[in-house]
Amino acid sequence: MAYYENVSLEKGMYSAPGKSFTQVLEELDSSENYRGTVLEGLDAYQRQLKRFGIRVSGPGSSSVEKFFQNSSSAALFPEYVARAVAQGLDGEAKAEDIAATVTMIDAMDYRTISAGADGERHDMRPVAETAQLPVTKITTNAGLVKLRKRGRMLVSSYEALRFQKLDLFTVTLRQIGAYIAAAQMGDAVSALMDGDGSKGGIQFVSGGTPNYGDFIGLWGKLSPYRLNTVLAGTKAMQKLLQVEEFKDAQAGMNFQGTGKLCTPLGAKLIHVPGMAEDKIIVLDKSCALEMVKAGGVVTEYDKLIDRQLERAAITVTSGFARIFEGAAAGLDCAAGS
């Protein structure tokens, strides 16, 4: 009998400080022990699914009640929920796509750093002998990064879902993840537009219907930072897609073939439905924004195990802080409405 079949599972494994359920499992049943076997490629959690014959997707997907065949298999259910929600979080447009770095913390308070250069950032003159080198100051911000909890309450009865297939239930959970991802993107945009509590919001240039010249101006405004990411709400995105220079044949073929939007000046174009409709933000993704996450997807594991889906919260806690103030700018195209 393989060792993974003897691992003792219980809900207390979810409360290990600073560790996920899968990390606790890996300490008990390391994947390194399965190299060169038919189980290579499965992590410790996936081996437990195999142990109890639970198929979460594909042909022959198990029903929800398969998790609750005994107390040990029931302990796997909250991790299934968390993983399915995480799939929705990892969608096409997520906050990580515009963050220079993602900082994981184990607390609810976090104070980030600020960096700034003395003098003109364009000044690249050589330093004379004995002269002082230009200074980049790094300081701790006076204010804390504002963390927000985003999530949904999962309300259902076990009787209503027990015979439903897991692959169908996964679709619902992925949508919860997609909702959280959209809320996080809104928080990131808010940190850029309105400030993060330590730094103010970005400067917007007034304009009408966006044109190629507007983007050339924004490109110059960001210099020496790079314009590699563009954020726009629905109305602004519709205007942007009408810019003649962005409607070349190759861009059209790419959109029709892959669904990917054309990219002004080689930047990644991200549609943010909840963003102010007449605003366009450009930024250098590599140094504009820090994302702070207090852990991953959190489930009320005790309710999911003991009460079998009855009113269980699914949440993610995150916040955003600006890094270099000049690494983002905006265009207000309301005048062309």
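The model is predicted, so local features need pLDDT of at least 70, side-chain atom pairs count only at pLDDT 80 or more, and totals for chains, interfaces and linings use all residues. Residues are numbered from 1 along each chain as its sequence is written, and side-chain values use heavy atoms, with hydrogens and water left out.

Start with the rings. A pair of aromatic rings is described by the distance of the centres and the angle of the planes. Rings of Phe, Tyr and Trp (its six-membered ring) pair here if their centres lie within 6.5 Å; planes under 30 degrees apart are stacked, over 60 edge-to-face, and the rest tilted. Eleven aromatic pairs occur in the structure. One of them joins Tyr14 and Phe21, which are stacked at 4.2 Å centre to centre with 15 degrees between the planes. Tyr14 and Phe21 are both buried. Buried means under 20% relative accessible area, exposed over 50%, and partly exposed in between (1.4 Å probe, protein chains only). Elsewhere, ring pairs join Phe67, Phe68, Phe77, Tyr80, Tyr158 and Phe169 into a cluster.

Rings also meet charges. A charge sits over a ring if NZ of Lys or CZ of Arg is within 6 Å of the ring centre and within 35 degrees of the ring normal. Arg152 places its charged end over the ring of Tyr179, 3.8 Å from the centre. Lys279 does this with Phe204, at 5.7 Å from the ring centre.

Now turn to the salt bridges. Side chains of opposite charge can pair when their charged atoms come close. The cut-off is a side-chain nitrogen of Lys or Arg within 4 Å of a carboxyl oxygen of Asp or Glu. There are 16 salt bridges in the structure. Asp97 and Lys94 form one of them, at 3.3 Å from N to O. Both residues are buried. Asp97 and Lys94 also belong to a salt-bridge network with Asp90 and Lys268.

Lys293 bridges to Glu96, with the closest N and O atoms 3.4 Å apart. Lys293 lies in strand 9 (residues 289–293) and Glu96 in the loop between helix 4 (77–89) and strand 1 (101–104), so the pair ties together parts 197 residues apart in sequence. Helices (H or I, at least four residues) and strands (E, at least two) are DSSP runs, numbered from the N terminus. Lys293 counts as buried because its relative accessibility is 17%. Glu96 is partly exposed, at 24%.
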